[in-house]
Amino acid sequence: MASVFDDLVGQEHIIDILKGAVAASRTGSESQEMTHAWVFTGPPGSGRSSAAVAFAQALICPNQGCGACNECQSAATGGHSDVEIIRTEGLSIKAEEIRELLTRVAWAPSMGGWRVVVIEDADRLTESAADALLKAIEDPGTRTVWLLCAPTLHDVLPTIRSRCRHLQLRTPSIDAVTQVLTKRDNISPTMADFAARVSQGHIGRAKYLAMNELVRSNRKVIMQLPLQLGSLAAAFQAAQTLIDLATEEANTSAKSRDEKEIENLQKAYGKGATGRGMATGAAKAVKELEKEQKSRATRMVRDSIDGALLDLATFYRDIMMAQSSNIESIINIDMREEIERYASTIPMHTAVQSMSAILEARNHLAMNSAPLVTCESLMCELARK
Ligand SMILES: [Zn+2]
């Protein structure tokens with residue numbers, strides 16, 4: 001029988017635990033298998049929030065997560081009254097948002113089973129938001145199950161993580177990702193293998209790359225940048241190119257989503273409604289939404305730049321592989337010749353230094369440094385090697 005857990009690639013070790021918890025949850029009380037607070041951690045793309053959402057579906061589904069019934073489907077799209085999925089578009093989750101959430105989930109679950117709250121970016125909780133959440137998690141009286149997601153356990157405040165059961169997702173293997181892309185998404189085996197390889201187990205990224213030609217051609221330009229760092233002027237140009245492409249990519253995917261959201265909102269208010277109160281309410285809501293969209297756009301551009309830097313890091317990783325006569329395990333198979341040639345021209349330690357320079361730039365970006373300046377300083381450093 002199909003199950004909501006089928007889409008979790010390479011995570012067999014936690015699927016067993018989750019299925020056990022779902023079975024135990026049917027008794028309606030807490031047990032060794034079933035507890036009311038969980039943290040899902042795993043590298044980007046491992047599917048930590050998909051795992052949490054699948055668990056939420058299984059907990060409220062009469063068939064323990066069939067994926068086909070009304071409960072399963074409405075839970076996944078955020079339309080189920082007993083399931084709340086908190087997705088952050090901004091840079092942080094504020095105490096006010098958590099307090100609003102707590103008011104919403106204060107009631108007993110409507111179906112009599114469990115109420116489930118998924119917080120996709122628990123690492124973005126501000127300290128006061130985390131405090132507000134902690135009180136709720138500590139309250140054993142409610143029938144609410146908390147599913148928090150974060151990159152690592154360190155990203156969750158110790159007070160919260162000490163009350164949660166921890167599940168660590170793995171980066172799925174290249175083979176596992178290739179299989180999903182060919183079987184589930186009907187992508188050709190060659191393309192699936194390429195996308196899985198260069199995305200290093202990040203399923204969402206692999207699919208996006210495989211299905212989107214603009215993204216593939218942008219990536220190609222970015223991967224050529226290390227070969228063009230002959231002068232300082234070229235380094236500055238490379239930084240600008242990287243920022244431009246990453247911004248373009250983020251904006252393209254944001255634009256259609258933004259327009260659709262505004263259209264839906266206006267529909268909800270009854271577009272063209274003549275009542276004065278109605279028009280003011282709609283205008284205010286649209287303004288609020290546009291503000292949110294703007295903050296999401298900033299985040300998407302940052303994510304996109306970070307993705308480009310990760311791609312660049314694979315170039316230097318491949319150089320190291322080539323230098324240690326391990327050419328078969330390079331990621332960028334489409335650049336094999338360039339990689340071998342470049343590897344023979346630079347000393348061994350240079351690739352390592354370049355990789356740590358990229359990592360440092362990513363850390364700076366994560367701490368909100370200005371993207372262009374950060375990339376310029378990185379490219380200058382890479383050019384000096
Ligand atoms: Zn179901």
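## Basis of the model

This is a predicted model, in which local features need pLDDT of at least 70 and side-chain atom pairs count only at pLDDT 80 or more, while totals for chains, interfaces and linings use all residues. Residues are numbered from 1 along each chain as its sequence is written, and side-chain values use heavy atoms, with hydrogens and water left out.

Helices (H or I, at least four residues) and strands (E, at least two) are DSSP runs, numbered from the N terminus.

## α11 against α15

Helix α11 spans residues 232-269 and helix α15 spans residues 371-384. They pack at an angle of about 140 degrees, with axes 8 Å apart. Axes are lines fitted to C-alpha atoms, for helices over the stretch in contact, and angles run from 0 to 180 degrees between N-to-C directions. The crossing of α11 past α15 is right-handed. A crossing is right-handed if the near helix is turned clockwise from the far one by less than a right angle, and left-handed if anticlockwise.

On the α11 side, the contact (heavy atoms within 4.5 Å) uses Leu232, Ala235, Phe236, Ala238, Ala239, Gln240, Leu242 and Ile243. α15 supplies Pro371, Leu372, Cys375, Glu376, Met379, Cys380 and Ala383. By class, these residues are 13 nonpolar, one polar and one charged. Ala, Val, Leu, Ile, Met, Phe, Trp, Tyr, Cys and Pro count as nonpolar, Asp, Glu, Lys and Arg as charged, and the others, Gly among them, as polar.

## α14 against α15

α15 also packs with helix α14 (residues 348-366). Their axes come within 10 Å and cross at roughly 170 degrees. The two helices are therefore roughly antiparallel.

From α14, the contact takes in Ser354, Ala357, Ile358, Ala361, His364 and Leu365. They meet Pro371, Thr374, Leu378, Glu381 and Leu382 of α15. This contact has seven nonpolar, three polar and one charged residue. Asn368 sits in the loop between α14 and α15. Its phi is positive, about 75 degrees, although Asn368 is not a glycine.

Helix α9 (residues 203-211) and helix α10 (residues 213-224) pack at about 100 degrees, with axes 5 Å apart. They are therefore roughly perpendicular. Arg205, Tyr208, Leu209, Ala210 and Met211 of α9 meet Glu213, Val215, Arg216 and Arg219 of α10. The classes are five nonpolar, no polar and four charged.

Glu249 belongs to helix α11. With a relative accessible area of 12%, Glu249 is buried. Setting aside neighbours within four places in sequence, Glu249 contacts Arg205, Tyr208, Val215, Asn218 and Ser304.

## Aromatic pairs

The whole structure holds four aromatic pairs. Rings of Phe, Tyr and Trp (its six-membered ring) pair if their centres lie within 6.5 Å; planes under 30 degrees apart count as stacked, over 60 as edge-to-face and the rest as tilted. Trp38 and Phe55 have ring centres 5.1 Å apart and planes at 80 degrees, so this pair is edge-to-face. Trp38 lies in strand β1 (residues 37-41) and Phe55 in helix α2 (residues 48-60), 17 residues apart. Trp38 is buried, at 0% relative accessibility. Phe55 is buried too, also at 0%. Ring pairs link Trp38, Phe40 and Phe55 into a cluster.

Phe315 and Tyr342 form another edge-to-face pair, at 5.4 Å centre to centre and 65 degrees between planes. Phe315 is in helix α12 (residues 276-323), Tyr342 in helix α13 (residues 336-343), and 27 residues separate them. Both are buried.

## Loop residues

Glu120 lies in the loop between β3 (115-119) and α5 (127-138). At 13% relative accessibility, Glu120 is buried. Its C-alpha atom is 4.9 Å from that of Cys149, 29 residues apart along the chain. Not counting residues up to four places away in sequence, Glu120 touches Ser49, Val53, Ile85, Ile86, Arg87 and Cys149.

Ser325 lies in the loop between α12 and α13. Its phi is near 50 degrees, positive in a residue other than glycine. At 67% relative accessibility, Ser325 is exposed.

Key: Buried means under 20% relative accessible area, exposed over 50%, partly exposed in between (1.4 Å probe, protein chains only). Angles under 35 degrees count as roughly parallel, over 145 as roughly antiparallel, 65 to 115 as roughly perpendicular and the rest as oblique.
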